[in-house]
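Subject: Structure handover

Hi,

Here is the structure I promised to pass on. Please open it first, then read my notes below.

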Amino acid sequence: MNEENYLKYQILVGVNNITRTHNIRQLEGVIMNQILDFENYQKYYSKSFNYLKNNGFIHTSVNNSGMDTVENLTEKGEDVLKFDSWENYLEGKSTENESIVIPPIIEEVLHIDDNGHLIFDEDLLLKKLSEKKSNNSHFIDPNRLIELKNITNIDFDLSKLIRFCEELDEAFLNENYLSVGMLMRGIIDHIPPVFGCKNFNEVVNNYNGTKSFKESMLHLNNSLRKISDSYLHTHIRNKEILPNKTQINFSSDMDVLLSEIIRILK
């Protein structure tokens with residue numbers, strides 16, 4: 001069996017099953033959970049994805065962080081899934097009248113419901129990725145993001161905050177540290193009304209939180225704000241030092257902030 005051909009086919013199966021836009025990293029998580037021995041194919045993933053993108057099997061675009069994203073299959077990609085393997089597609093051995101066999105799915109990230117519909121459990125996938133890629137540093141804990149998404153509140157629409165968090169995590173994973181600083185600044189400027197405040201200074205000084213909460217917010221307000229402002233407002237100079245992971249990692253303070261928002265709005 002050709003590993004690259006097998007992986008191309010599995011990527012098409014994964015794209016066919018997703019219900020929203022995925023970047024290349026998120027799609028890899030979907031494929032990881034389709035293939036029990038994914039580690040044997042992982043080194044072929046980027047090459048296989050690029051082949052499908054460059055040869056018109058999937059609809060792709062580039063997001064704000066410069067990552068490839070995929071929305072769905074092209075007609076050409078759909079034609080491949082009329083066959084039960086990439087090799088049979090190349091040979092023209094159609095299996096249109098046969099059911100496509102979906103590979104074993106770990107812990108039912110993809111599963112068939114009682115009505116015969118294929119269900120993609122995104123929350124379970126986030127949890128599994130967090131467990132399976134423990135060495136892959138997330139800025140926003142995937143479980144914290146799930147908690148935010150599960151909140152329904154009549155006073156505050158959390159969709160922008162959630163998107164801030166998703167883009168922040170993506171930027172951090174891709175070492176786009178200037179973007180990380182700007183996105184964190186956006187978050188602390190966005191959320192004061194949740195605490196009954198007009199701005200983040202009021203959150204720090206007036207919100208009746210715990211001592212540890214106040215300390216974390218003070219750190220965000222002083223250190224983070226100054227660092228982010230330096231990214232946003234410093235003019236071009238004859239020499240620059242770019243931010244690194246150590247300088248920009250306020251993830252624990254940001255988690256304290258998000259957990260308090262969740263506590264208030266639940």
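The protein has 13 helices and five strands. Please keep in mind that this is a predicted model. The protein counts 266 residues, and 45% of them are buried. Take the contacts with a separation of 6 or more: 59% of them join residues 24 or more positions apart.

**The cores**

Start with the largest nonpolar core. It holds 41 residues, and F195, M254 and L257 touch the most other members. The biggest share comes from α8, which gives seven residues. A separate core of 27 residues lies apart from this one, and its members include V13, V15, I35 and L81.

What does L257 touch, leaving aside neighbours within four places in sequence? Its contacts are I187, I188, I191, F195, F200, F213, M217 and L220.

**Helix α13**

Helix α13 covers residues 251-265, and S259 lies in it. S259 has a relative accessible area of 27%, so it is partly exposed: the cut-off for buried is under 20%, and for exposed over 50%. Look also at S259 and L145. They are 114 residues apart in sequence, yet their C-alpha atoms are 9.9 Å apart in space.

**Helix α8**

α8 has 15 residues, and at 1.5 Å a residue they should span 21 Å. The end C-alpha atoms are 21 Å apart, so the two values agree.

The buried residues of α8 are L161, I162, F164, C165, L168, D169, E170, A171, F172 and L173. Note that D169 and E170 are in that buried set. Where do the buried residues of α8 pack? They pack against β1 (22-23), α2 (24-32), α7, α9, α12 (245-248) and α13. After α8 comes E175, which has a positive phi, near 60°.

**Helix α2**

α2 is one of the elements that α8 packs against. It is mostly covered, with seven of its nine residues buried. Those buried residues are I24, L27, E28, G29, V30, I31 and M32. The N-terminal end of α2 is capped by N23. A side-chain oxygen of N23 lies 2.9 Å from the backbone nitrogen of R25.

**Aromatic rings**

There are 13 aromatic pairs in the structure. Take F139 and F172. Their ring centres are 5.0 Å apart and their planes stand at 70°, so this pair is edge-to-face. The pair links distant parts of the chain. F139 sits in the loop between α6 (122-132) and α7, while F172 is in helix α8, and 33 residues separate them. F139 and F172 are both buried.

There is also a ring cluster. Ring pairs join Y51, F57, F83, W86 and Y89. Two lysines lie over rings of this cluster. K8 lies over the face of Y51, 3.8 Å from the ring centre. K76 places its charged end over the ring of F57, at 4.5 Å from the centre.

Is N17 buried or exposed? N17 counts as buried because its relative accessibility is 13%, and the cut-off is under 20%. N17 lies in helix α1, residues 3-17. Its side chain reaches the backbone oxygen of V13, at 3.1 Å. V13 is also among the members of the core of 27 residues.

H59 is in strand β2, residues 58-62. At 39% relative accessibility, H59 counts as partly exposed. Leaving aside neighbours within four places in sequence, H59 is in contact with T69, V70, E71, N72, L73 and T74. H59 and L73 are 14 residues apart in sequence and 5.9 Å apart in space, C-alpha to C-alpha.

**Where to look first**

Open the view on L257 and its contacts, including F195. Then go to α8 and its buried residues. Finish with the edge-to-face pair of F139 and F172.

Best wishes

Note on methods. Residues numbered from 1 in each chain as written. Predicted model: local features only at pLDDT ≥ 70, side-chain atom pairs only at ≥ 80, totals over all residues. Heavy atoms only, no water. Helix = DSSP H or I, 4+ residues; strand = E, 2+ residues; numbered from the N terminus. Buried < 20%, exposed > 50% of the residue type's maximum accessible area, 1.4 Å probe, protein only. Core = buried A, V, L, I, M, F, W, Y, C linked by side-chain atoms within 4.5 Å. Contact = heavy atoms within 4.5 Å. Expected span 1.5 Å × (residues − 1). Polar contact = N/O pair within 3.5 Å; in protein donor to acceptor, adjacent residues only side chain to side chain. Phe/Tyr/Trp six-rings, centres within 6.5 Å; stacked < 30°, edge-to-face > 60°. Lys NZ or Arg CZ within 6 Å of the ring centre and 35° of its normal.
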